[in-house]
Amino acid sequence: MAHGPAKGFSRWLYTTNHKDIGSMYLWFSFAMFLLGGVFALVIRAELFEPGLQIVEPGFFNQMTTMHGLVMVFGAVMPAFVGLANWMIPMMVGAPDMALPRMNNWSFWILPFAFAMMVATLFMEGGGPNFGWTFYAPLSTTYAPPSVTFFIFAVHIMGASSIMGSINIIATILNMRAPGMTLMKMPLFVWTWLITAYLLIAVMPVLAGVVTMMLMDIHFGTSFFDAAGGGDPVLFQHVFWFFGHPEVYIMILPAFGIVSAIIPTFARKPLFGYSSMVYATASIAFLSFIVWAHHMFTVGLPIAGELFFMYATMLIAVPTGVKVFNWVTTMFKGSMTFETPMLFSIAFVILFTIGGFSGLMLAIAPADFQYHDTYFVVAHFHYVLVPGAIFSITAGVYYWLPKWCGNMYNETMGKVQFWLAFIGLNVTFFPMHFVGLAGMQRRVPDYNQFFADFNMISSMGAFLFGAAQLMLLYNVISTIVSGKKASDEVWEDPEGLEWTVPSPAPYHTFSTPPPIK
């Protein structure tokens, strides 16, 4: 057998290089992001005006289900794992990830999982039509036959997440450079260390609940079937015990990215490093004791409602600490507004708006009105789109010169930011209003009363989608034909005297020196 470096497809199939695997995760997640976006645009096209326009109600439900599943498990999570693969070994001074062969395996099972999940749309009876939360008995007793393939796909995704998390923890704890104590690690490393523990804790819970579904469907059990002595509300408890920490799995690495970018462009050290670490750990802990705030309308005892209401409000405290620290880092800094910084500032502002609507939803008696309306849709999209998507985009722009040695087109990056920023707000801000007025989510038709706001939302969604194609073009043209990046990538464009060596990851991983 010939030796030497593998060429072509073999190189990617067999690679154990953390950078190759990180790149594959990022490209895969972007493909899933575009696919999930197409599903969302089908939803928004149908809701452009009242009445049934282009799809049947059953297919509309399949689109809402697949949009949520593909975005959460296929776009956001693999993108963060890709960034972790690329950056964590370099940030801690390790030559590679601790378990490189498992790293390869954890990526390569993902395309098959999602191919199987998306293939359910073409199976007899159609794809999953029960929402991304797949509540039983809708997903068991009344589900299409394709639900079995959906369950298998979820198991594979969970296995991938667990393997990736073990790898990240082993790398961070065992392979740090001499002298790098835990409290000297970049915050991106810290947020991923905590996220990895969250994943290992909750992914088996998801595996358990889909296995119980499988038993109910095929083996005559009645975990969730009231007719057989089961309890449909049990499903919600088990699902949300996974689902709520999952929301923080999708946001904690974003905190780490933004905590790397804001100090760079404010040209100041991050304010309150240790409080950021403790706040992240506090959020992770609290995420495990608030799950039933998704279930205020199922008839919880009043003591339970009060506990989950107060525990949910408590999460606002460490989150507020983080927002305060980011704003204080920017305060009196010598700020410049390159594309990564624009996305990061938008993240801080819009994520905070999502946090405020989350506090509204935490109030149990008020949640009775908000529950299952578009207000909830507005809330979690204000957390996830500026939170996860904007931070991933910021991280890609920030680290792209490091990855490929070329500089992206700054003007195009800024135009893409403004299109995405405007598209996002035009899409989701009106949803607060129609939700408060009582418009139900996951229903393809609606009262004429909501028509104007829905038309605005749909137009914003297509604008946001167009912005993502611009990002794709910018990234590819940078890799293929971008101009060479300098050693000091983020130096002051005006050449003023206060230019400082860039902070991590371009110069060193230490704090930048003070401005002269």
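Here are some questions and answers about this predicted model.

Q: What secondary structure does the protein chain have?
A: Let's start with the overall make-up of the chain. Helices and strands are both present, and the protein chain comes to 16 helices and 2 strands.

Q: What percentage of the residues of the protein chain count as buried?
A: Buried here means under 20% relative accessible area. Of the 516 residues in the protein chain, the part that passes this cut-off is 57%.

Q: Which residues does Trp192 touch, not counting residues up to four places away in sequence?
A: Leaving out its sequence neighbours, the residues it touches are Phe80, Val81, Ala84, Ile88, Ile168, Leu199 and Pro253.

Q: Is Leu199 buried or exposed?
A: Leu199 sits in helix α6. Beyond four places in sequence, Leu199 is in contact with Met77, Ser161, Ser165, Trp192, Pro204 and Ile249. Its C-alpha atom is 8.9 Å from that of Gly158, 41 residues away along the chain. With a relative accessible area of 2%, Leu199 is buried.

Q: How much space lies in the largest cavity?
A: The model has 3 cavities of 30 Å³ or more. The largest cavity holds about 190 Å³.

Q: Which helix supplies the largest share of the lining of the largest cavity?
A: Of the 21 lining residues, Met77, Pro78, Val81, Ser160 and Ser161 are the closest to the centre of the cavity. Helices α3, α5 (147-174) and α6 (187-218) each supply at least two lining residues. The largest share, 8 residues, comes from α5.

Q: How many residues of the lining of the largest cavity are nonpolar, polar and charged?
A: The lining has 21 residues in total. By residue type, they divide into 16 nonpolar, 5 polar and no charged.

Q: Which residues is Val258 in contact with, leaving aside neighbours within four places in sequence?
A: Val258 belongs to helix α8, residues 252-266. At 0% relative accessibility, Val258 counts as buried. With its sequence neighbours set aside, Val258 has as its contacts Pro263, Trp326, Ser344, Phe347, Val348 and Ser391.

Q: Is Leu361 buried or exposed?
A: Leu361 is part of helix α12. Outside four places in sequence, Leu361 is in contact with Phe296, Asp367, Tyr370, Phe375, Val376 and His379. Its relative accessibility is 10%, and the cut-off for burial is 20%, so Leu361 counts as buried.

Q: Is the peptide bond from Ala136 to Pro137 cis or trans?
A: Most peptide bonds are trans. Pro137 lies in the loop between α4 (100-119) and α5. The bond from Ala136 to Pro137 has omega near 0 degrees, and is cis.

Q: Is Lys332 buried or exposed?
A: Lys332 is in the loop between α11 (316-330) and α12 (339-362). Although not a glycine, Lys332 has a positive phi of about 60 degrees. At 74% relative accessibility, Lys332 counts as exposed.

Q: What is the phi of Asp372 near?
A: Asp372 is in the loop between α13 (364-370) and α14 (374-404). At 35% relative accessibility, Asp372 counts as partly exposed. Most residues other than glycine have a negative phi. Asp372 is not a glycine, yet its phi is positive, near 60 degrees.

Conventions
Residues numbered from 1 in each chain as written. Predicted model: local features only at pLDDT ≥ 70, side-chain atom pairs only at ≥ 80, totals over all residues. Heavy atoms only, no water. Contact = heavy atoms within 4.5 Å. 1 Å grid on protein atoms, 1.4 Å probe; cavity = no way out; pocket = protein on both sides within 12 Å on 5 of 7 lines; lining within 4 Å. Points joined across faces, edges and corners; volume = space filled by probe spheres on them. Helix = DSSP H or I, 4+ residues; strand = E, 2+ residues; numbered from the N terminus. Nonpolar A, V, L, I, M, F, W, Y, C, P; charged D, E, K, R; others polar. Buried < 20%, exposed > 50% of the residue type's maximum accessible area, 1.4 Å probe, protein only.
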